[in-house]
Amino acid sequence: MAIKPNKQKRKFRKQSAFPGLRLLVVFVALSFVLLTVYAREGETGPIHTIKSGISNVLVPVQHVGYTLSTPFRALPNVLKNATPDQASLTELQEENAQLKAELAQHEESKNELKRLQDLLGLQSTYALQTKAARVIGGSTDAWNRSVIINKGSQDGLALNMPVVNSYGLIGQISEINLNSATVRLITDEKSGVSAMIQASRAQGIITGNPDGSLSLNYVTVDSTVVRGDVVLSAGLGGSYPRGLPIGEVSSVNRDSNALYYNIQVKIPYDIKSVEEVLVITKLNDADKQPIAGVKNSDEQLSGETSPAAQSQETTQAQTERGSSREQGENH
Amino acid sequence: MLNLGTDPHEKTTLIVVSLILLLIQIMFGPQAGIFDAHPNFMLLLACMWGFSRGSESGVIAGFLSGLAYDIMVNTPFGLMTLVLTIAGFLSGLLQRNLISTDPKLAVLLTLGLSILAEFVVGIFIFVLGLEGNIIYALFGRMIASSIYTSLCAIPLVFILNKFMRDSQSSQLGTRYK
């Protein structure tokens with residue numbers, strides 16, 4: 001007899017005005033637990049490990065999707081190039097002639113530089129150890145500007161390694177899995193690269209804007225910056241090598257009484273359409289200029305080496321650079 | 001547990017469509033972005049279960065699809081799980097069998113839930129300091145992504161509507177035999 005009221009209570013509960021409310025409370029609580037644990041645990045924590053494991057399984061599927069969507073991704077460029085007007089063609093021909101002349105000059109300068117380098121025993125700016133990789137996907141959500149590449153920790157890649165394409169710097173590894181990695185592009189809002197103007201050597205920080213453009217901040221108004229100036233990585237902090245091209249200055253503004261310029265930087269290619277990249281697996285010691293008192297995120301990349309070993313390493317790096325370029329071409 | 005219903009035809013439709021949506025999200029989610037607008041096929045999955053099977057199924061589907069989404073993105077893990085769980089619950093509260101009775105309303109409600117979901121994610125990301133410009137986030141990302149997701153919902157809802165109506169009419173036919 002005493003069981004009857006309980007049974008009635010259970011029946012009443014089943015006819016709730018909000019079915020699934022208790023389930024909602026449980027799953028919302030579980031979501032908060034996941035959020036908290038993920039934020040507090042390290043890169044080797046259980047959620048990170050599970051996420052990384054599942055991401056490894058998903059990589060081949062994503063690769064198939066990327067391959068299947070290739071014709072659609074190329075469509076805007078095809079449409080754009082299909083209708084060049086006469087003015088554009090003339091402009092391109094002139095630019096081509098100018099570039100050929102510049103190339104000849106650069107060849108001469110390069111030979112001269114090589115001789116000087118041999119004399120002084122300096123390391124080449126771009127003697128870097130790299131690993132070629134292919135882009136297999138972009139960002140799934142609207143909040144990140146990133147690409148996924150088909151190489152991961154098993155290929156010797158690690159977090160914070162810089163990533164370049166044929167033009168220059170494109171980003172840094174922000175997430176690493178066994179056989180894939182996520183590269184945070186320099187256009188991402190969370191990205192920051194120490195940079196300098198090639199001509200005046202004025203230094204600042206390149207950051208991404210919400211609309212995907214780049215700004216060069218903290219360049220003091222006493223330095224000379226003009227539209228068209230090439231912007232290079234400055235190498236400060238040791239995260240990125242020095243001298244890698246980032247883009248060109250597209251506009252320079254100066255507010256009255258301001259200490260710094262407002263500089264917009266344009267990347268001369270579509271950064272989201274990059275297909276092959278090189279991940280810099282080791283920086284030259286010459287590229288590393290750590291700021292005093294600041295611990296670099298990629299300190300593990302640098303190693304104390306003797307000048308003799310350094311020279312040997314450079315030669316090896318140059319050889320590997322050549323082979324990785326070949327790999328990239330054969331890719 | 002997910003309420004699969006009694007009709008085997010409808011049950012199969014819901015499971016197959018869920019798997020297709022998951023596959024589309026994995027394969028084409030990263031490639032389907034137009035400027036900063038990205039469709040959220042996992043939200044469609046949660047709404048589909050909520051609209052057709054009620055809030056309990058909506059909550060479970062929302063939680064599972066949110067987990068799947070969180071694995072694929074770089075935003076804080078659990079954020080989309082939380083948002084889609086709530087979206088699945090709300091979609092189930094509105095009206096059961098909405099897809100078969102009023103597909104246009106289902107698309108409109110998907111737009112509303114998508115805006116709500118993107119807004120919550122956007123605010124959270126802004127508060128965490130991962131997004132600097134709230135105005136751009138609101139109009140360049142949230143609204144654009146919500147509209148994109150709703151546009152993707154149109155073919156899905158109408159295909160499901162056709163399947164479910166066919167299934168219901170065949171079931172009625174067998175009952176009156």
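## Exercises on a two-chain model

A:Asn160 sits in the loop between strand 2 (146-149) and strand 3 (162-164) of chain A. The structure that holds this residue is a predicted model, with an ipTM of 0.87 and a pTM of 0.68.

**Solution.** As background, most residues other than glycine have a negative phi. Next comes the position, and here A:Arg201 belongs to the loop between strand 6 and strand 7 of chain A. The last step is to count neighbours, for which the cut-offs are 20 or more other C-beta atoms within 10 Å for a buried residue and 12 or fewer for an exposed one.

### A strand with two partners

**Task.** Find which strands of chain A are joined by bridges to strand 6 of chain A, and decide whether strand 6 is enclosed or open.

**Solution.** Take strand 7 (residues 203-208) of chain A to begin with: 5 bridges join it to strand 6, and the two run antiparallel. One pair to look for in the structure is A:Met196, whose bridge partner in strand 7 is A:Gln203. These two strands form a hairpin with 5 residues between them, and A:Arg201 lies in its turn. Then turn to strand 9 (residues 230-233) of chain A, which is joined to strand 6 by 3 bridges and is likewise antiparallel to it; here A:Ala195 stands opposite A:Ser233. Finally, consider burial: 5 of the 6 residues of strand 6 (residues 192-197) are buried, so the strand is largely enclosed by the rest of the structure.

### The surroundings of one serine

**Task.** State which residues A:Ser174 touches, leaving out those up to four places away in sequence.

**Solution.** A:Ser174 is part of strand 4 (residues 169-176) of chain A. With 18 C-beta neighbours inside 10 Å, it counts as partly exposed. Within its own chain it touches A:Ser146, A:Thr182, A:Val183 and A:Arg184, and from chain B it touches B:Asn74. For A:Arg184, 10 residues away along the chain, the separation between the C-alpha atoms is 5.7 Å.

### Helices of chain B

**Solution.** Of its 177 residues, 54% count as buried, and among its contacts with a separation of 6 or more, 69% are between residues 24 or more positions apart.

### The core and the interface

**Task.** Identify the elements that give two or more residues to the largest nonpolar core, and which helix gives the most to the side of chain B that touches chain A.

**Solution.** The largest nonpolar core has 56 residues, and B:Leu43, B:Ala46 and B:Leu84 are among those with the most contacts inside it. Helix 2 (21-40) of chain A contributes to this core, together with helices 1 to 7 of chain B. Another core, of 47 residues, lies apart from it and includes A:Ile206 and A:Val279.

For the interface, 42 residues of chain B are in contact with 41 residues of chain A. Helix 1 (8-28), helix 3 (55-72), helix 4 (79-94) and helix 7 (134-176) of chain B each give two or more residues to chain B's side, and helix 4 gives the most, with 8 residues. By type, this side divides into 21 nonpolar, 17 polar and 4 charged residues.

Methods:
Residues are numbered from 1 along each chain as its sequence is written. Chains are lettered from A and ligands numbered from 1 in the order in which they are written. This is a predicted model: local features need pLDDT of at least 70, side-chain atom pairs count only at pLDDT 80 or more; totals for chains, interfaces and linings use all residues. Two residues are in contact if their C-beta atoms, placed from the backbone, lie within 7 Å. Helices (H or I, at least four residues) and strands (E, at least two) are DSSP runs, numbered from the N terminus. Ala, Val, Leu, Ile, Met, Phe, Trp, Tyr, Cys and Pro count as nonpolar, Asp, Glu, Lys and Arg as charged, and the others, Gly among them, as polar. A nonpolar core is a set of buried Ala, Val, Leu, Ile, Met, Phe, Trp, Tyr and Cys residues joined through C-beta atoms within 7 Å. Two strands pair if DSSP finds at least two bridges between them.
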